[in-house]
Amino acid sequence: MAELQCPRCKSEQVTRRRIIHDGGVSAGVSFTGGVTTSGEAVGATTHTYSSTTLAKRHRPPEEPAVGFAFATAALTCVFSLIFLIALISVANNPDPDFKIGKIFLTVVFIFFAIASVYNVIDMLKKSEYKNSGEYERLSKEYDSQFVCLRCEEIFIPDFSKLS
Ligand SMILES: [Zn+2]
């Protein structure tokens, strides 16, 4: 019977990628052990990763936060509009007292206008990414991946070859 092993270093200390991430600290504990399942000692240098770093490196693909991006875009657009209306309402006032106010409103309006453009583009990108099904594909791939605890090779085992 063939064992599940790393295609690079042939170590049998392999685990599902998601387990490394979800396990967090426990992944680190198994890492500090100096002996493999087959009884051979393992060099300490390969086990210096902190569990946090390891978990971070094997983080699952991020689901695009379309709702949050939409809220941010909508908010900055509303602020742009408010400052634009305020600017228009004082624009034709010849009173010199409004001069500073006009400059201030122009600067704030430009700031929100740029933020709006940036946020709308960000929202469209995230929404396009979500609709493309790419996240589902990456997530599925991530779930089928294994990681070697010795050399950190990431691989998808061919279960048809295991009996
Ligand atoms: Zn390996």
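Which residues of α4 are buried? I began by noting how the model is to be read. It is a predicted model, in which local features need pLDDT of at least 70 and side-chain atom pairs count only at pLDDT 80 or more, while totals for chains, interfaces and linings use all residues. Residues are numbered from 1 along each chain as its sequence is written.

**Entry 1: helix α4.** I looked up α4, residues 66-91; helices (H or I, at least four residues) and strands (E, at least two) are DSSP runs numbered from the N terminus. In α4 I found A69, A73, T76, S80 and F83 buried, that is, with 20 or more other C-beta atoms, placed from the backbone, within 10 Å of their own. These buried residues pack against α5 (98-131). An α-helix has 3.6 residues a turn, so residues three or four places apart point the same way.

**Entry 2: the sheet.** I traced three strands in an open, antiparallel sheet, ordered β1-β2-β3; strands pair if DSSP finds at least two bridges between them. The edge strands are β1 (14-16) and β3 (154-155). Two bridges join β2 (residues 146-148) to β3, and F146 has F155 as its bridge partner in β3.

**Entry 3: confidence.** I checked pLDDT, the predictor's confidence in each residue, from 0 to 100. The protein averages 83, and 80% of the residues score at least 70. Over residues 25-35 the pLDDT stays under 50, and over residues 41-48 it is below 50. Where pLDDT is low, the predicted coordinates should not be read in detail.

Conventions. Two residues are in contact if their C-beta atoms, placed from the backbone, lie within 7 Å. The expected span of a helix is 1.5 Å times one less than its number of residues. A residue is buried if 20 or more other C-beta atoms lie within 10 Å of its own, exposed if 12 or fewer, and partly exposed in between; C-beta atoms are placed from the backbone.
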